[in-house]
Amino acid sequence: QLQVVESGGGLVQPGGSLRLSCTVSGFTLDYVTIAWFRQAPGKEREGISCISNGDPLPYYADTVKGRFNISRDNAKTTVYLQMDSLTPEDTGIYYCAAPRLMLAPCGAIRVGVTAFDTWGRGTQVTVSS
């Protein structure tokens, strides 16, 4: 079974940085499309970034574009989310996820929560003074 596990969350001051990691296991394909979601208190879970070999460029939500960077290691077993210039509005539980169609381009699935069926348990990110 495909499995994803998040790590790297914590408490950071506004303007600070964190790097989240998503370790992917249990796949036999060359790569698996991976997206990052976050859920702030009282809000819907939203897709904020996605990486796939089927897209010319990674996907970023407008709220994080220019501040967050998604990347994949050379072994294709870990996906990172580098988060810079963090604000209190970035606070929430961050999840990585793989879609039902594991090779689906990010643009084809629109980084919508219903397209993803493999989820980590989340890692808490708190941005506060």
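Predicted model: local features only at pLDDT ≥ 70, side-chain atom pairs only at ≥ 80, totals over all residues.
**Entry 1: the four-stranded sheet**

I began with the strand pairing and found an open sheet of four strands, ordered β1-β3-β8-β7, in which the pairing is antiparallel. I then asked which strands stand at the edges. They are β1 (3-7) and β7 (68-72), and because each has a single partner strand, one side of each is left without a neighbour in the sheet. Neighbouring strands here are turned by 15° against each other on average, with direction ignored. For the pair β1 and β3 I noted five bridges in the antiparallel sense, and within the sheet I located Glu6 opposite Cys22 in β3. As a reminder to myself, strands of a sheet pair through backbone hydrogen bonds, and they may do so parallel or antiparallel.

Setting aside neighbours within four places in sequence, I listed the contacts of Thr78 as Ser21, Cys22, Thr23, Ser71, Arg72 and Asp73.

**Entry 2: the nonpolar cores**

I turned next to the largest nonpolar core, which has 27 residues, and looked for the members that touch the most other members; these are Cys22, Ile34, Trp36, Phe68, Leu81, Met83 and Tyr94. At least two residues of this core are supplied by each of β3, β4, β5 (46-51), β7, β8 (78-83), β9 (92-99) and β11 (123-127). Which strand gives the largest share? It is β3, with four residues.

I followed one of these members, Met83, and found that, not counting residues up to four places away in sequence, Met83 touches Gly16, Ser17, Leu18, Leu20, Arg67, Phe68, Tyr94 and Val125.

**Entry 3: salt bridges around Asp90**

I counted the salt bridges next, and the structure holds four. In one of them the side chains of Asp90 and Arg38 meet, at 2.8 Å from N to O. Asp90 lies in the loop between β8 and β9 while Arg38 is in strand β4, so this pair ties together parts that are 52 residues apart in sequence. I checked the accessibility of both partners: Asp90 is buried, at a relative accessible area of 1%, and Arg38 is buried as well, at 7%.

Asp90 also takes part in a salt bridge with Arg67, where the closest N and O atoms are 2.8 Å apart. Here too the pair links distant parts of the chain, since Arg67 sits in the loop between β6 (59-60) and β7 and Asp90 in the loop between β8 and β9, 23 residues apart. Both Arg67 and Asp90 are buried. Which residues make up the network of salt bridges? I wrote down Arg38, Glu46, Arg67 and Asp90.

For another salt bridge I went to Lys65 and Asp62, whose side chains meet at 3.5 Å from N to O. Asp62 is exposed, with a relative accessible area of 68%.

**Entry 4: positive phi in two loops**

I then looked at backbone angles, bearing in mind that most residues other than glycine have a negative phi. Lys76 has a phi near 65°, a positive value in a residue other than glycine. Lys76 is found in the loop between β7 and β8 and is partly exposed, with a relative accessible area of 30%. Ser85, also not a glycine, has a positive phi of about 50°; Ser85 is found in the loop between β8 and β9 and is partly exposed, at 41%.

**Entry 5: Leu29**

Last, I asked where Leu29 lies. Leu29 is in the loop between β3 (18-25) and β4 (34-39), and it is partly exposed, with a relative accessible area of 35%. Not counting residues up to four places away in sequence, Leu29 touches Met102 and Leu103. I also took the separation between the C-alpha atoms of Leu29 and Ser17, which are twelve residues apart along the chain, and it is 32 Å.

Terms used
Residues numbered from 1 in each chain as written. Heavy atoms only, no water. Buried < 20%, exposed > 50% of the residue type's maximum accessible area, 1.4 Å probe, protein only. Contact = heavy atoms within 4.5 Å. Pairing = 2+ DSSP bridges. Axes fitted to C-alpha atoms, helices over the stretch in contact; angles between N-to-C directions. Core = buried A, V, L, I, M, F, W, Y, C linked by side-chain atoms within 4.5 Å.
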